[in-house]
Protein chains: 2
Amino acid sequence: MEAAGLTVQIDPVGNVFGLPPGDETCLLIGSHSDSQPEGGWLDGAYGVIAGLEVARAAAEAGGPPIAVVSFQDEEGRFGPLTGSRVWSKALSLADADKLTDTSGQSLADARGGAPEFCGSSFVSPDRFCGFIEPHIEQGPDLDAHDQTIGVVDGIVGIRSEFYRFKGQQNHAGTTPMALRRDAFQGLARFTNDINRQFADIVTPATVWTIGHAVLHPNAVSIIPGCVDFSVQWRDADDARLDRMTEIIRETGVRVAEGSGLEFERSAFASISPTRTDQRLMERIAAGAQQKAPGKWRHMPSGALHDAANVARLMPVAMLFVPSINGISHDFAEDTAVEDLIVGAEVLAGSVCEVL
Amino acid sequence: MEAAGLTVQIDPVGNVFGLPPGDETCLLIGSHSDSQPEGGWLDGAYGVIAGLEVARAAAEAGGPPIAVVSFQDEEGRFGPLTGSRVWSKALSLADADKLTDTSGQSLADARGGAPEFCGSSFVSPDRFCGFIEPHIEQGPDLDAHDQTIGVVDGIVGIRSEFYRFKGQQNHAGTTPMALRRDAFQGLARFTNDINRQFADIVTPATVWTIGHAVLHPNAVSIIPGCVDFSVQWRDADDARLDRMTEIIRETGVRVAEGSGLEFERSAFASISPTRTDQRLMERIAAGAQQKAPGKWRHMPSGALHDAANVARLMPVAMLFVPSINGISHDFAEDTAVEDLIVGAEVLAGSVCEVL
């Protein structure tokens with residue numbers, strides 16, 4: 001960022017802003033730099049680097065001033081999109097500090113060891129007239145239709161929560177099945193039960209995932225006394241997300257009652273569906289039509305992005321480039337280099353148009 | 001062992017024998033010293049220490065020579081009862097060396113770092129006229145009936161195997177449910193499916209346990225691409241154990257086919273049901289009637305024990321003391337001190353009778 005002539009400001013939650021000289025209102029471009037365990041090389045990093053290149057090129061060519069951001073913890077070590085949630089005031093820093101990761105470490109502890117941003121201040125959103133987030137699609141649509149650019153018209157909402165079934169750890173040979181309080185069996189019942197109920201209310205675009213589960217003590221010869229797990233569910237309709245929340249929580253309570261278990265829940269997180277800004281979206285569409293005529297489309301984002309939080313503060317838009325075979329959050333994640341370049345060119349064109 | 005006048009011999013698989021002076025045939029007493037993660041203080045250790053005390057007291061009092069053993073890896077880090085399986089030739093040392101623990105380390109690697117027994121030799125079973133294994137019950141029966149001694153008339157058979165469902169790791173927001181190959185969902189389906197089928201063929205004494213499961217990469221926002229898990233099943237009837245084996249393997253294949261997953265299995269282990277020796281059992285029963293009149297019973301062992309392997313070599317018997325509230329393999333595992341003492345006294349009486 002400094003090499004591109006930007007002044008770096010790291011805010012108290014760890015978001016990294018690169019600000020152009022002067023104080024005139026400018027466009028903000030960026031995404032995040034973190035990824036998932038075994039995630040790929042592009043994910044959010046593409047949006048940060050594409051934004052940085054546009055800022056650098058604009059400064060070099062005497063174009064409009066451009067600011068760049070890399071948001072902290074987009075991938076949810078402490079909860080979904082922690083950095084942009086705090087910056088957008090969807091979550092206070094004090095509440096964020098209480099969030100813990102799956103190993104039990106709190107955000108307060110984690111950022112306590114980073115003095116370079118703990119004494120800093122937040123960047124005022126008044127500085128920015130809008131936010132564009134370039135990103136890889138992370139799904140199969142553009143690649144399957146041989147298209148280069150996706151102009152995002154909305155971002156699905158997301159909910160997530162952590163749960164625990166607690167039973168009685170005991171010997172796997174001497175404890176009759178009828179007397180067991182097996183936490184893992186509770187999780188298996190819960191999983192099948194919510195699948196059955198969701199079938200009646202979802203659309204083909206609704207998704208839900210049990211991605212994290214840890215048995216305790218996790219030994220072949222011991223009845224699991226405890227299982228901690230996550231459920232995450234996404235949809236474009238807030239009412240459907242509410243109904244899914246009810247089903248998950250009611251099913252947890254019912255399975256626990258029927259299996260001699262206790263059911264606990266914690267760390268509920270919710271981000272509502274977001275619509276992108278009409279004017280910004282049209283500028284990106286115009287840029288796409290110029291650089292990739294006939295090879296772009298409007299589309300929703302099934303993945304959650306920082307833009308969903310930033311939309312609380314200013315107009316936002318997103319631009320997608322294809323993910324080969326729709327693979328993301330995996331080492332195999334990739335995009336053709338020519339598509340990465342066209343994405344940056346469309347972005348640059350949009351920037352000149354909007355200002 | 002040395003303080004009790006015994007000569008220590010650690011064999012190549014790590015079993016620890018304490019041998020009395022001379023070479024006359026003698027009785028062997030013992031169990032194992034390892035326990036489970038978060039297991040209690042008694043488990044196999046009671047049998048080793050009770051045997052050692054009887055050996056010590058017999059030497060002091062001019063009684064019969066007694067040998068003591070602590071078998072290696074009874075709890076199955078590398079598979080059930082590794083030490084006694086190898087000593088009894090149910091498993092060759094070469095095959096045992098290929099066994100791996102849940103972290104992937106092989107027994108060959110693990111024992112490679114223990115030079116004190118890698119150059120040693122196995123103790124000949126011809127030295128022993130029989131084996132008595134004292135142990136805590138690890139179940140609720142004796143405690144619930146306010147009894148002090150269980151005389152074991154048989155040990156259930158056990159089977160265990162490791163499995164893997166392999167799917168496709170992917171983004172939890174952008175991958176439609178219909179296109180997912182979610183390994184954890186496969187495990188949930190498998191678990192409920194075998195439960196349903198087992199209901200038709202089991203007895204109230206049959207047990208099965210999924211105690212170990214690890215999702216990969218185990219992150220909230222990633223569809224699990226892989227899950228490794230164990231199933232362990234126990235029953236007194238070998239034919240029923242065979243039928244359960246078929247159901248488990250067939251269900252794994254069918255669930256995988258229906259869910260776009262691959263199904264792999266490995267490290268199958270099997271120990272058949274065992275009957276204990278009539279003559280040894282009668283001597284323990286006589287001792288129990290003398291030391292705890294009306295407060296003992298004949299009973300089967302729902303837990304597997306090293307005696308099941310040693311029965312391939314010589315007559316075996318087992319003696320149980322109560323587990324408070326039936327709890328074992330948990331820090332809360334305990335037995336009243338007076339019951340531990342009566343157990344050792346019954347053992348000492350039986351030893352004098354049998355020789």
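A:Thr102 is partly exposed, because 15 other C-beta atoms lie within 10 Å, a count between the limit of 12 or fewer for exposed and that of 20 or more for buried. The model is a predicted one. A:Thr102 sits in a loop of chain A, between helix H3 (93–97) and helix H4 (107–112). Its C-alpha atom is 9.0 Å from that of A:His212, although 110 residues separate A:Thr102 and A:His212 in sequence.

## Domains of chain A

Chain A is divided into domain 1 (7–156 + 274–354) and domain 2 (157–271). Taken over C-alpha atoms, the centres of domain 1 and domain 2 of chain A are 32 Å apart.

The contact between the domains of chain A involves 11 residues of domain 1 and 11 residues of domain 2. On the domain 1 side, seven of the residues are nonpolar and four are polar, with no charged residue.

## A:Ala199

A:Ala199 belongs to the loop of chain A that runs between helix H7 (183–198) and strand S9 (207–209). With 9 other C-beta atoms within 10 Å, A:Ala199 is exposed, since the limit for that class is 12 or fewer. A:Val316 is 117 residues from A:Ala199 along the chain, and their C-alpha atoms are separated by 33 Å.

## Contact between chains A and B

Chain A and chain B each bring 51 residues to their contact. On the chain B side, the elements that give two or more residues are strand S8 (170–171), helix H7 (183–198), strand S9 (207–209), strand S10 (213–216), strand S11 (222–223) and strand S12 (226–235). H7(B) gives the most to this side, with six residues. By residue class, the chain B side divides into 22 nonpolar, 24 polar and five charged residues.

## The H7 helices at the contact

H7(A) packs against H7(B) at an angle of about 105°, and the two axes are 9 Å apart. The two helices are therefore roughly perpendicular, the range for that description being 65 to 115 degrees.

Which residues of H7(A) and H7(B) meet? From H7(A) they are A:Gln185, A:Ala188, A:Arg189, A:Thr191 and A:Asn192. From H7(B) they are B:Gln185, B:Ala188, B:Arg189, B:Thr191 and B:Asn192. The residues of this helix contact divide into two nonpolar, six polar and two charged.

## Strand S12 of chain B

S12(B), one of the elements on the side of chain B that touches chain A, has nine of its 10 residues buried, so it is largely enclosed by the rest of the structure. Strand S7 (residues 157–166) of chain B runs antiparallel to S12(B) and is joined to it by 10 bridges. Within S12(B), B:Trp233 stands opposite B:Arg159.

S9(B) also pairs with S12(B), in the antiparallel sense and over three bridges. Here B:Trp208 stands opposite B:Trp233, the residue of S12(B) that also faces B:Arg159. S10(B) is joined to S12(B) by four bridges, and these two strands run antiparallel. B:Phe229 in S12(B) is the bridge partner of B:Ala213.

Methods. Residues numbered from 1 in each chain as written. Chains lettered and ligands numbered in written order. Predicted model: local features only at pLDDT ≥ 70, side-chain atom pairs only at ≥ 80, totals over all residues. Contact = placed C-beta atoms within 7 Å. Nonpolar A, V, L, I, M, F, W, Y, C, P; charged D, E, K, R; others polar. Pairing = 2+ DSSP bridges. Axes fitted to C-alpha atoms, helices over the stretch in contact; angles between N-to-C directions. Parallel < 35°, antiparallel > 145°, perpendicular 65-115°, else oblique. Domains from an automatic or database assignment.
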